[in-house]
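Okay, have a look at this one with me.

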Amino acid sequence: MTFSIVARSDDGQSWGVAVASKFLAVGSVVPAAVAGLGALATQADANVAYKGQALAHLDEGATAQVALDRLLAEDEGREDRQVGIVGLDGDAATYTGRHCHEWAGGRTGPGFAVQGNILAGPGVVEAMTRAWQEDTSAPFARRLLAALAAGDDAGGDRRGRQSAALLVVRDGAGYAGRDDLAVDLRVDDHTDPLAELARLLDLHQLHLTASTAAERVSVDPGLLGELEERAQSLGHDRFAAWVASENYEMRVAPGLAPEWIDVQVLEILRNATTTQGVQG
C-alpha cells in the first residue's frame, strides 16, 4: 500500500529511497540502503527480511536483478510482494507480485526503480519516472523528494496520505563523518506527510549539512563584536554558547573567535535579535 523510488545518484556516490503511503510509519518498514552496495524498497505485503538479504547479495557482487531473483526464489509469499532494488553500478530491478492490489506496477531505468501498489493508477508511476528523469540538476535528496511529490500529485496511494520517509546514504556523510547516513528522515503520521518531509529536509540541510564556501561570511573584529552583542541580547554569555544552543556547529567555524559564519545563520541571528527587540 505504498509508492516509492529507489535510486543511485548520477555521480555514483549516493543511493537512496523515498517512500510514501497510507500506512503508519512507512519508513520503519520499506527502505534500506548501504553506501557502496545499493538500496531497496520492500512493500505491499512487505518482507522486511528482504532488506538484509538483498544487501548481503549485493555485497557478494550480485546485480540488482540477480539479488531480486534470489529473494523471490526463496520466498513462498512472493506473489504478495513488491520490491525495487538499485545496485552498486546503478543497475535496477523492480517486481510486483500477481496478488498485489490494483493498481500495482513498477518501472526501471538507468539508476532508478519506481514502484507502487493500491495506487490511483499507472499515472502515479509515470509521473514519478518523468519527474526523476527531468529533474537532473537538483541535489540527490531533493530529486528523490520531487519524484515522490510528483507521484503524490498524480494521485498516489488511492486510500489517502499518512506517512513518508527519505533515506540517503553516502560514504562518510553521516554525523561527524562516522557513518553513511546522509539523510534519514521520517514522517510517521501526518495529514500532509510530503510537505512535512520537505520541511524536515530544509531543517536537516541547515543543521546537519556543512556550509559550502559560497555560504560562508568572513568574521572580522567588527562582525565578531556584533555576533557577541546579539548573542548576549538573547541571554547567552558568548556567541559560541548561542551556536551550541541552536545546534549550528556545522555552519559556524569552531572557536570563540570563529573565522567564518554561514550567511543563513547570520541572518537568523540578526532576525532573532530584531524580533526580540520589537517584542521587548
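Quick note on names: helices (H or I, at least four residues) and strands (E, at least two) are DSSP runs, numbered from the N terminus.

Before I go on, this is a predicted model, where local features need pLDDT of at least 70, side-chain atom pairs count only at pLDDT 80 or more, and totals for chains, interfaces and linings use all residues. Residues are numbered from 1 along each chain as its sequence is written, and side-chain values use heavy atoms, leaving out hydrogens and water.

Zooming out, that pair belongs to an open antiparallel sheet of six strands, ordered β7-β8-β1-β2-β9-β10. β7 (105–109) and β10 (181–187) are at the edges with a single partner strand each, so one side of each has no neighbour in the sheet.

Now the other sheet: four strands, also open and antiparallel, in the order β3-β4-β5-β6. Here β3 (31–34) and β6 (92–96) are the edge strands, each with a single partner, so one side of each lacks a neighbour in the sheet. Four bridges join β3 to β4, residues 38–44, and alanine 32 has leucine 40 as its bridge partner in β4.

What lies across β3, β4 and β5? That's helix α1, residues 49–59.

Conventions:
Pairing = 2+ DSSP bridges. Contact = heavy atoms within 4.5 Å. Axes fitted to C-alpha atoms, helices over the stretch in contact; angles between N-to-C directions.
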